[in-house]
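Please look at the sequence and the model before reading on.

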Amino acid sequence: MKTTILSIVLSLICATVFAQTTYSPETLAKIKEVENNITGPVVMNDAPPSTITERMAKNKVKGLSIAVIQDYKIAWAKGYGWADEAEKRPMTTQTLFEPGSISKTLNALGILKLAQEKKLDLYTDINTYLKSWKFPYDSLSKGKKITLANLLSHTGGLSTHGFPGHNINGDVPTVIEVLDGKSPAVTPAVRSLFEPDLKYQYSGGGTTIAQMILTDLTQQDYATWMYENVLKPIGMVNSTYAQPPAKNKRNLCATAYLSDGSPLLGKFHVYPEQAAAGLWMTPSDLCNYIIDMQLAYQGKPSKVLSPEMVKLHLTPYHNESAAMGTFIMDLNGAKYFEHGAGNDGFRGQFYGSLEGGYGVAIFVNSDNGGIMYDVIQSVAKAYNWKNFYREPQRKTTEKSIVVSDQVIKTYEGIYVYDDTWAAIGKRDNEYHFYANRMPVKMHFTSPTRFFNEEFSAVKEMIKDDKGNVVGYLRTVDGKAFPKATRIGSLDTLKLKNELFGEIGWYFFENKNYPQALAYFKRGAQVYPEDLNMLMNAAHMYLLTQDYQSALAIHKAHLKDMVRPGYSWVNLLQEDFAYLKEHRQDVKLFEKLFTELKIQKPKGY
C-alpha cells in the first residue's frame with residue numbers, strides 16, 4: 001500500500017513539475033513526436049522506435065534535460081527522470097548540470113570580450129598576460145609563441161586533454177598546481193607536445209591557461225567575473241562557474257551517476273579547472289547563448305560580443321572545424337556550431353544552426369551519453385533541420401540465428417587492427433563485442449558471422465586449418481577492410497603503450513582481474529619506464545588477493561616520482577579514490593596503506 005501511495009505522489013510531483021509551462025497543442029504534438037521516435041543508427045527487422053524514458057531505462061540513465069530552439073526562440077524545455085533518485089528529487093528544467101567541456105565555449109566568450117575591449121591581443125604571446133605563472137617554453141615549441149587564439153581553438157600544441165575532477169570533501173589543487181602537475185593535481189603538467197599552429201590538439205590544459213590569463217588581467221575571481229560579464233548579460237542567469245557551487249544552489253544540482261547507475265561519491269566532482277570543465281548550467285540557459293550567437297550571426301547585436309568577435313567564435317581557425325570556443329559542422333552547405341561535454345557522471349551536447357534559427361541543448365546525469373545523439377536526431381527529424389537528420393540503417397537478419405555460448409566462447413579474446421583493438425567477451429553473463437569503449441550485442445546471421453547495431457562493419461570469424469579462431473574479416477557494404485588479428489601469447493606481444501593500458505582496464509571493468517593483470521604485467525615489461533602500468537599491475541595483484549606481490553612492488557617504488565611534482569604515493573592515493581568511487585573491494589588497499597604508513601586521500 002505504501003508503494004502505491006508513493007507512486008501516486010511521485011506521479012503528481014512529476015506532472016506538476018512538467019506542467020509548469022503551458023504549451024500550445026502544436027508544441028505538445030512536437031514534444032510527443034520527439035519523445036516517441038528514438039532510434040539508434042541501425043534499426044533491426046523494422047523494430048518500432050523507443051521512447052525517451054524507455055531508452056533511459058535501458059541505458060541506466062537516471063535523468064535527462066532538454067531544451068529545443070525553433071525560429072530563434074526556445075520552443076520548449078523538459079526534464080525526465082531523477083535529478084537525485086535516492087532523494088526522490090525529480091528532474092526539472094531548473095536542474096543544474098556540470099557536463100564539462102561546454103564550459104570552454106562560454107570561457108571563450110569571456111576572452112573574446114576582453115579582446116574587443118582591447119585588454120588583450122588574441123595573437124600575442126600568452127606570457128605577455130600571465131602574471132601569477134609563466135608558461136615554460138621548451139624545444140618542442142620550436143621557438144614559436146603560443147597565443148590566446150591558439151588556446152581557444154586547440155592549436156597551441158599543448159598537453160592535458162581533460163580533467164577527472166576531485167571529491168568535494170578532498171584536497172583540491174590550485175590552478176597553478178594543475179598547470180604544473182603537482183599534487184593534489186592528478187593530471188600531468190600542461191606543456192608543449194609540438195609547435196603551435198601545426199595541427200589541432202584538444203587541450204583542456206590550454207583552456208586552463210586562458211582561465212589564468214583572465215584572472216590575472218581582471219584581478220577578479222573567475223566565477224564572479226564570468227557571471228557579471230558573460231553569463232548574466234547573455235541570459236544564463238541560473239548558471240555558475242563556482243566550484244563547488246554555493247550551498248544554497250545545491251538543491252538544484254543534479255547528482256552524477258556512473259554507467260552502472262550508482263551515484264558518484266559526494267554526488268559530483270569539483271573542478272578548479274573552471275574554464276575547461278566547471279560550468280553548472282541548464283539546457284534553457286545554454287539555449288540563450290545559442291540564440292544570441294545565431295541572431296548575431298544574422299547581423300543583430302549580441303548581448304556580449306562585437307560582430308568581429310562573433311565571427312571569430314563561429315569560424316574555424318587554422319582548422320576545418322575548430323573555432324575559438326566552438327566546433328563548426330558543414331553538412332553539405334548547412335552549417336552548425338556545436339560542442340560536446342563529459343565530466344564524471346555527466347554528459348552534454350548542444351547544436352545551433354547558423355541559419356534558420358534552430359538548435360538544441362541536452363544533458364544527462366550519467367556516464368552513458370549515447371542516448372543524447374538519438375534524441376538529437378529525433379529533434380532534427382521533427383523540426384526538419386537542414387541536412388542534419390541521418391536515416392538509420394535498416395537491417396534484416398537473414399534468419400533467426402541463435403549461436404550457443406559454447407561456440408561464442410571459442411571467439412573470446414582481444415583482436416587488433418588499424419593501431420586499435422576490439423574484444424569479444426562476457427559481461428553480466430552475456431557475450432558482447434567491445435570497441436570504442438562500448439560493449440554491444442552481437443547479431444549472428446550465421447554461426448561465424450555477426451554485426452552490431454552500433455557499428456557498420458560485418459564481422460566474419462577466421463579459423464586456421466586446425467579450426468582455431470585467429471581473427472575476423474571486416475566488411476562495410478561489401479567493401480573489405482584489413483582483418484582483425486586475435487592476440488595469442490602475451491610473452492612476445494608488442495603494442496603501443498596506451499593499448500596495454502586500455503585492454504587491461506577493459507578486463508578490470510569486466511572483473512576479469514587475472515587477465516587484466518596479465519596485460520598490465522606485459523605492458524610493464526615492454527615499457528619499464530611507465531610507472532602507471534606497474535601501479536595497475538599492483539592493483540590487480542590486490543584484487544586477485546595476492547597481497548605479497550603487490551606489497552613488493554610498492555616497497556620497491558615507494559620513493560619514486562611518477563613525474564615532477566607527483567610521486568608514487570600520490571598516484572596510489574588517486575587510484576584508491578577511483579577504485580572506491582567505482583565500488584571496488586578496497587580492504588586490501590586499506591591494509592596496504594596501514595602497513596606502508598601512507599595516509600588515505602582526504603574524503604575517502
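## Glycine 359 and its surroundings

G359 touches A67, V68, I69, Y351, G352 and W385, leaving aside residues up to four places away in sequence; contact means heavy atoms within 4.5 Å. G359 is found in strand β10. Helices (H or I, at least four residues) and strands (E, at least two) are DSSP runs, numbered from the N terminus. With a relative accessibility of 0%, G359 counts as buried. Buried means under 20% relative accessible area, exposed over 50%, and partly exposed in between (1.4 Å probe, protein chains only).

## Basis of the model

This is a predicted model, in which local features need pLDDT of at least 70 and side-chain atom pairs count only at pLDDT 80 or more, while totals for chains, interfaces and linings use all residues. Residues are numbered from 1 along each chain as its sequence is written, and side-chain values use heavy atoms, with hydrogens and water left out.

## Aromatic pairs

The structure holds 33 aromatic pairs. Rings of Phe, Tyr and Trp (its six-membered ring) pair if their centres lie within 6.5 Å; planes under 30 degrees apart count as stacked, over 60 as edge-to-face and the rest as tilted. Y336 and Y358 form a tilted pair, 6.2 Å centre to centre with 45° between the planes. Y336 lies in strand β8 (residues 334–343) and Y358 in the loop between β9 (346–353) and β10 (359–364), so this pair ties together parts 22 residues apart in sequence. Both Y336 and Y358 are buried.

W385 and F388 make an edge-to-face pair, with 5.0 Å centre to centre and 80° between the planes. W385 is buried at a relative accessible area of 3%, and F388 counts as buried at 6%. Elsewhere, ring pairs link Y415, F433, F444, F450, F455 and Y472 into a cluster.

Helix α4 (residues 102–116) packs with helix α7 (residues 204–218) at about 40°, their axes 11 Å apart. Axes are lines fitted to C-alpha atoms, for helices over the stretch in contact, and angles run from 0 to 180 degrees between N-to-C directions. α4 and α7 are therefore oblique to each other: angles under 35 degrees count as roughly parallel, over 145 as roughly antiparallel, 65 to 115 as roughly perpendicular and the rest as oblique. On the α4 side K104, N107, G110, I111 and L114 take part, and they meet G204, T207, A210, L214, L217 and T218 of α7. This contact of α4 with α7 has five nonpolar, five polar and one charged residues. Ala, Val, Leu, Ile, Met, Phe, Trp, Tyr, Cys and Pro count as nonpolar, Asp, Glu, Lys and Arg as charged, and the others, Gly among them, as polar.

The axes of helix α2 (residues 25–35) and helix α12 (residues 370–382) come within 8 Å and cross at roughly 135°, which makes α2 oblique to α12. K30, E33 and V34 of α2 and V375, S378, V379 and A382 of α12 make the contact. Its residues divide into four nonpolar, one polar and two charged.

## Glutamate 574

E574 is found in helix α18 (residues 568–581) and counts as partly exposed at 25% relative accessibility. E574 touches V186 and Y566, not counting residues up to four places away in sequence. The C-alpha atoms of E574 and H166, 408 residues apart along the chain, are separated by 9.5 Å.
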